[in-house]
There are 4 protein chains.
Amino acid sequence: MEGLVCVDDFEKEALRKLGNVTRAYYRSGADDEFTLKDNGAAFSRILLRPFMLRDVSNRDLSTTVLGKKVAVPIGISPTAMQRLAHPDGECGSAKAIETIGGIMVLSYFATCSCEEVAAAAPNARKWFNFYMHKDRTITQGVFKRAEKAGFEAVVLTVDAPVIGKRRDIERNPFDFPPHIKLPNACPDEEELSVSKAHDDIDHGATWEAVSWIKSVSRLPLVLKGIQTAEDAIHAVELGVDGIWISNHGGRQIDTAPATVIS
Amino acid sequence: MEGLVCVDDFEKEALRKLGNVTRAYYRSGADDEFTLKDNGAAFSRILLRPFMLRDVSNRDLSTTVLGKKVAVPIGISPTAMQRLAHPDGECGSAKAIETIGGIMVLSYFATCSCEEVAAAAPNARKWFNFYMHKDRTITQGVFKRAEKAGFEAVVLTVDAPVIGKRRDIERNPFDFPPHIKLPNACPDEEELSVSKAHDDIDHGATWEAVSWIKSVSRLPLVLKGIQTAEDAIHAVELGVDGIWISNHGGRQIDTAPATVIS
Amino acid sequence: MEGLVCVDDFEKEALRKLGNVTRAYYRSGADDEFTLKDNGAAFSRILLRPFMLRDVSNRDLSTTVLGKKVAVPIGISPTAMQRLAHPDGECGSAKAIETIGGIMVLSYFATCSCEEVAAAAPNARKWFNFYMHKDRTITQGVFKRAEKAGFEAVVLTVDAPVIGKRRDIERNPFDFPPHIKLPNACPDEEELSVSKAHDDIDHGATWEAVSWIKSVSRLPLVLKGIQTAEDAIHAVELGVDGIWISNHGGRQIDTAPATVIS
Amino acid sequence: MEGLVCVDDFEKEALRKLGNVTRAYYRSGADDEFTLKDNGAAFSRILLRPFMLRDVSNRDLSTTVLGKKVAVPIGISPTAMQRLAHPDGECGSAKAIETIGGIMVLSYFATCSCEEVAAAAPNARKWFNFYMHKDRTITQGVFKRAEKAGFEAVVLTVDAPVIGKRRDIERNPFDFPPHIKLPNACPDEEELSVSKAHDDIDHGATWEAVSWIKSVSRLPLVLKGIQTAEDAIHAVELGVDGIWISNHGGRQIDTAPATVIS
C-alpha cells in the first residue's frame, strides 16, 4: 500500500486489483449513476470558514454516538459481500475500525457471521444491520442473536425499497461464487444463499414495522436511509433512536439527492 | 439486442446501424442544437426526494389519459418516416406500445397508413397527428378517416411553425428514397410524396384554426408543442382537450427551453 | 464555400485559410480572453419562449435604425485591416451587406478608403467609424470627408481606451505588410501607416469630446463601446443619437461582461 | 524568458525547469487542492464594468499601504525556501519588487537572512513575516532584529494552524538539501535546520498572542490568514494594523474559500 495517501488512491488501487465481477458489483450505482456521482461531488461544493488563532495544539475527534464515546466519528457502513474482495471479509474491516475507535456496522448480507466478527474485534463498538424478513419471528430471532453476540444496536435498511438496476451488471450478469454464503440473515448460524436471503425480504414493510421492532427489541434502533425531513420527523415520533442519512451509495434509487447538500 | 439495457444503449446501437442519411435525419436538431442537448440534460438536473417505508411490493404505473386508462404513462411520439429505419415502420412501434399498454401517436408524416397501424395494433390506444392543410376540407376528411380507423383523438402539431435548419442535412442534402410515401396526409389512402405533403401545410394557421377544429371534429383535440403558460391558457379557453408540452425534440426552433425544468 | 452552413463553419474555414499573422491578429482577444470567450458563450445561455399558432407564413426582419429602414437588423462592425484577408478588403464586405440590406460601418482603420467603399456599394447604408485625433481640426475634416462620400452617420469608438495585450501577438510580434495603408484617418486621401494612425489617437478624450462632436458635425453620432447604464444615461443627456453596446470583441479590456446577458 | 508574456507562462516555464522535489514543494496544495484550484478560478468569475470616455492617457497604480506610498499595489508574499529554485533566493525577489516599487514580505522560512535582503534591496519597502516561537523571548528578539535590519512591519502567519497534507509530497517524501538553512527564525544570525524551525513553532497560540505582540513590538502588526468577518473584527478590536486575507495559497487547510469572491 506504498504511495496510497488518500481515499481516492485506495479506491483506484482496489478497482485495479479486483476481478471484473467483484469490481462491477462494488462500483456500480443504479441507472444513470447521477446519485452515485453526486455523493462524491457534493463534498467538493462544501466550503468551510476557518477561524484562526484558536489553540489547536491538541486536536480531539472523539464524540458520542447513541450516548457512548467514539474516538472518531467514523464507522464502517453495512456493505455486503466483503469476502468477494478478501478472505478476511468483514472480520478484517471490524479489526480496522477497532484500531481507530470507530463503529463497525455489519451488513445483513455480510459473509462473516456476527459471532466471527465479534470474536475478531471484541473491543469495537458493533451494530447489526438487518432487513425485515417476511416471517417476523425470524427477524425477532435475529435480534436475539445479534444481542447475544455483543452487538449494541440494530440498523434497519430502508433505502432499498427496490433493488437498483446496475447497468454494468445487467450487461454482464453473474452468479456469486459458491463459497459466498450469508450467515446473518437468520436466527441461527445457517448459511443462506444470496438469492434465498433476498427472497426472504419483505418489500411491503411500512412504518408499522418500525413500531413492531420497538415493541420486540430492547436494542436501540437506527433507520439507515432516511432522506427527507418528513420521514425523519415520522421516525422520531415512533421512538427511533438514530437516523442515518443515506441513499444506499446511489445503488438503489437513482436521482436521489446526495447525502450532503451545500 | 443483447447487452442493451437502457435507452442510451439503444440510441447508440441505432446510430451505429442506421445509414448516414437516416442517421442524420433522425439525430439532428435545429441550428446549434442547444434545445436538443438540453432536452436530455434537463433530466439530469432533476432530483427526487424518496419517501421510505411505504409498501412498494406491488408497483402500478397505470393512470388515465383523456379520461381512459393506460398501463404506463408512456407513448410513442408522432415521429416521421419510420420506414427509413425498418420495413415494419410505424406498425412495429404500434405493436411495441400495445404490448406495454401505452399510447401510439401516429405521425402525419408516417410511412404506414392509419388503417395498417390499426390492423397491426388493434388493442393499442391510438391518436392521430396532423398539420393544418391549406384546404380545410382535406383536413376535415382526414379527421373522418382517422376516426373510422379507430383513432380516438387528433393531435395538432403547433411546434413546427418553420422547419429547422439541421446542419448535418444542409451539409449533405438528400432526397428521401422513392419507396418512402406518406399515406396519411389526405382523406383517402393516396400516397403523397414527402415534398407534396410539406407543401400542403398551412404555415399561416393561427388560434382561429383551433376553434375551427373544435367545430368540425368530434374527437378530442390535443395541441402538441405548447411551450408557454400564455399559450396553455389560450388553449384551455378554446376548449382544447389536452396540452402536450413539446419543443419538437429541438428539431425546429433552437434555443427553446427544455420540456422539463428543474 | 460548399458545406459551410453556419457562422461557425465560416470562422473555422477562415482560420484554416488565413496566414499565421493575420489569423493571430483577427482571432485574439485581450489577456485571458475571458470576455472574448463569453461574448459567444453568453448567447448559449439565452433561451427564447416561443409562442405558437401565430401566422408566420410571411416573416419580415426589417426594422428602422436611426429613423431609416433596414431589411435586416444586421450590420458589418468597424473591423480593421480587411485587406489582410482579401484584396477586396472592406469593399467586399460593403457589397455583401448591400445585398442583404443591412448597414456597413467602415473602420477608421479600414484599408479601403471611404470613397472606394461608397463606389463599391452605392446602395448600402454606410456609417463612418472614427477615433478622436489629437488635432481636432483633422477630426473635423474627417467628418466632412465622410459626409461628402455619402456616409450618413459617424461612430466614435469608446471601448478602446487602452490597446489590449493579445498574447499570441506578444509572443510573435509582427509588422503589418507594407501594402497595408490606412486611407481614412485623415481629411484627404493620404495613406497613413498603421503606427502613424495609432499615434495620432487622443487617449485623453473624455465626454467633453462628445459635446464638441455634436457642436461641429451635422451627422448623427453613435457611441460604440458603451457598457454601463451610467455611461448610457450620460450619452443620452449629451444628445448622442445611438448607443452601441460593445466590448470591442473582447480585444481591449478583458473581464468586461459579454454584450448580452441572460 | 523570451515568449513569456503573462503569469501563466512564467508558471508553466518554472514548473518545467524546476527539479521534481522543488516543483512538488512549490506547486502542491493541501488534500484535494479544492482551495488551491479555486484561488485561481475565482478570478475568472469576476467581471468589471468599464466606464468609458475618462482620460486614461496617464495611468497611475500607486496607492498607500500602512500609511506609506507604494508605486504598485503588489508585493511578494512570504513564500518559503526560495533558494530551492535559485541561488539568489529571496534577495532576487526583493530586488525585483524594489524595481517596480511594491513591498517585499520576507518569509520566516526564507533562505536569505533579513540582513542580506535589506542589503540587496535597500530601497524596497520590507515587511518581516514570523510565527510565534514557543519561547516568546526569542520572538521578541526576532522583532528587534527585523527592525534593526530596516523592516517596517511584522506579519504574523495565522493561516497555518496545522500543516497541510500535500499528496505529491506524501507519495514522494524528501529531505531538504543540506545547503537549505533558515537564518531568520531566531534573534541572531544562527542558521536553523528546517525541522528545528518547524519544531519551535507554538501551535497553541491564540488571540492572546496578538495582545502580547502589540505590547512588546513598536512595529505595525499585520495578520496574514484572516478569512472570516468574525476574525477580522476581533483583530481590529485588538489594535492590529493590517488584515491580510489569505488561505496560505490553499497549502494548509483545504476547502477554505478562495481569497476573492464574486
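How much area do chain D and chain A bury between them, and what percentage of it is on carbon and sulfur atoms? Chain D and chain A bury about 2,000 Å², with 64% of it on carbon and sulfur atoms; buried area is the accessible area (1.4 Å probe) that two parts lose on being put together, summed over both. This is a predicted model, in which local features need pLDDT of at least 70, side-chain atom pairs count only at pLDDT 80 or more, and totals for chains, interfaces and linings use all residues. Residues are numbered from 1 along each chain as its sequence is written, chains are lettered from A and ligands numbered from 1 in the order in which they are written, and side-chain values use heavy atoms, with hydrogens and water left out.

**Chain D and chain A**

- Chain D gives 27 residues to the contact and chain A gives 19 residues, where contact means heavy atoms within 4.5 Å.
- Three salt bridges are counted between chain D and chain A (a side-chain nitrogen of Lys or Arg within 4 Å of a carboxyl oxygen of Asp or Glu).
- A:R49 and D:E230 form a salt bridge, with 2.8 Å between the closest N and O atoms.
- On the side of chain D that touches chain A, at least two residues each come from α7 (167-171), α9 (207-216), β7 (221-226) and α10 (229-237) of chain D; helices (H or I, at least four residues) and strands (E, at least two) are DSSP runs, numbered from the N terminus.

**Chain B and chain C**

- Chain B contributes 27 residues to the contact, and chain C contributes 19 residues.
- The buried area between chain B and chain C is about 2,000 Å², and carbon and sulfur atoms give 63% of it.
- The rule finds three salt bridges across this interface.
- B:E230 pairs with C:R49 in a salt bridge, the closest N and O atoms lying 2.8 Å apart.

**D:F143**

- D:F143 lies in helix α6 (residues 136-148) of chain D.
- D:F143 has a relative accessible area of 4% and is therefore buried (under 20%; exposed is over 50%, partly exposed in between; 1.4 Å probe, protein chains only).
- Leaving aside neighbours within four places in sequence, D:F143 is in contact with residues including D:F130, D:V154 and D:W212.
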